[in-house]
Amino acid sequence: MPVVRNASTAAPAGQSAHSYVIAYTCMSNVRDWDGATYDRISGPMEGLGREVLARLELHGDELVLDAGCGSGRITQALIERLPRGRVIAVDQSASMVDAAKQRLGPAADIRVVDLLELELEEPVDAILSTATFHWIADHASLFGRLRAALRPGGRLVAQCGGEGNITVLRGKVTPLLSREPYAEYFRDWRPPWNYAAPGQTRERLLSAGFTSAECWLAPAPREPEHPREFLSTIVLGPHVQQLPRELQEKFMDEVLEMLGEPVVVDYVRLNIDALA
Ligand SMILES: C[S@@+](CC[C@H](N)C(=O)[O-])C[C@H]1O[C@@H](n2cnc3c(N)ncnc32)[C@H](O)[C@@H]1O
């Protein structure tokens, strides 16, 4: 059910109040995404994702899995690299999968699947994953599932938030969580992200049966074009959804005032290149 905006707060220039409201829908838990909104505002994620895709060597005839495809922006770029190949795109969120189906039509086999329960009927040549693994707590199980989906010699090329991701941003926002009127909603709150380190990730990949694994961190700060929506929907979505609707706008007002301009999201990405 859509959130009712605070009537005293206008939609940002160039956006209708309706489109702005959508950013706050479907936030009952951290894994509940609004695919249409994500598709519209995820330009910074697409930029990062395209760099990851560029690392994946392809002949053009492979079968590739996009693990956590979201609304399909990167899936679309992947399909363009596979003129004689095929793409299976999976995501846990039905809303994201709907948006990806709208964007891609029959160009990919798109499915609602929890990666922790992934089972494909045929082995894939490669797996691409962008901005997804840090939403999954159990990396050991995740990597086991991905390894099982790959043919021997197949490749995993991935990027997600890594150790140190958004530390500066969170450092600025965290004091707000213990202030009124927000404190009672964050008393038992634990940050939901799994920002893993390269060393432990490499060990987990090898334990899951990958024969080699290279993992490294890279800072990737971004200045989102629509900071309010980008923060409330993606980066601080878990914070916003923790609050009752009548406090969400106020919280974002205070966050934005505190951050000042320009808003910089201090992304630190964990890159993974592994061989099955
Ligand atoms: C930030 S979006 C990234 C989407 C896309 N890969 C991109 O780069 O724009 C994170 C995605 O991970 C998906 N996700 C999180 N946990 C998942 C899980 N256990 N299984 C499948 N997808 C998951 C979410 O539903 C969401 O679509």
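This is a predicted model: local features need pLDDT of at least 70, side-chain atom pairs count only at pLDDT 80 or more; totals for chains, interfaces and linings use all residues.
Which residue in β5 is the bridge partner of Val124? It is Leu150.

β4 covers residues 124-130, and β5 covers residues 150-161. Six bridges join the two, and the strands run parallel. To get from β4 to β5, the chain passes through helix α6, residues 139-149. This β-α-β crossover is right-handed.

β4 also pairs with β1, which is residues 63-67. Here there are three bridges, and again the strands run parallel. If you want a position to look at, find Asp66, which stands opposite Leu128 in β4.

How many of the residues in β4 are buried? Seven of its seven are, and the strand is mostly covered.

Now to a pair of helices. α3 takes in residues 43-55, and α4 takes in residues 73-80. Their axes come within 9 Å of each other and cross at roughly 30 degrees. Angles under 35 degrees count as roughly parallel, so α3 is roughly parallel to α4. The crossing of these two helices is right-handed.

Which residues make the contact? On the α3 side they are Glu46, Gly49, Arg50 and Leu53. On the α4 side they are Arg73, Ile74, Ala77 and Leu78.

To recap, β4 has bridges to β1 and to β5, and α3 crosses α4 at roughly 30 degrees.

Technical notes:
Residues are numbered from 1 along each chain as its sequence is written. A residue is buried if 20 or more other C-beta atoms lie within 10 Å of its own, exposed if 12 or fewer, and partly exposed in between; C-beta atoms are placed from the backbone. Helices (H or I, at least four residues) and strands (E, at least two) are DSSP runs, numbered from the N terminus. Two strands pair if DSSP finds at least two bridges between them. A crossover is right-handed if, with the strands pointing away from the viewer, the path from the first strand over the helix to the second runs clockwise. Axes are lines fitted to C-alpha atoms, for helices over the stretch in contact, and angles run from 0 to 180 degrees between N-to-C directions. Angles under 35 degrees count as roughly parallel, over 145 as roughly antiparallel, 65 to 115 as roughly perpendicular and the rest as oblique. A crossing is left-handed if the near helix is turned anticlockwise from the far one by less than a right angle, and right-handed if clockwise. Two residues are in contact if their C-beta atoms, placed from the backbone, lie within 7 Å.
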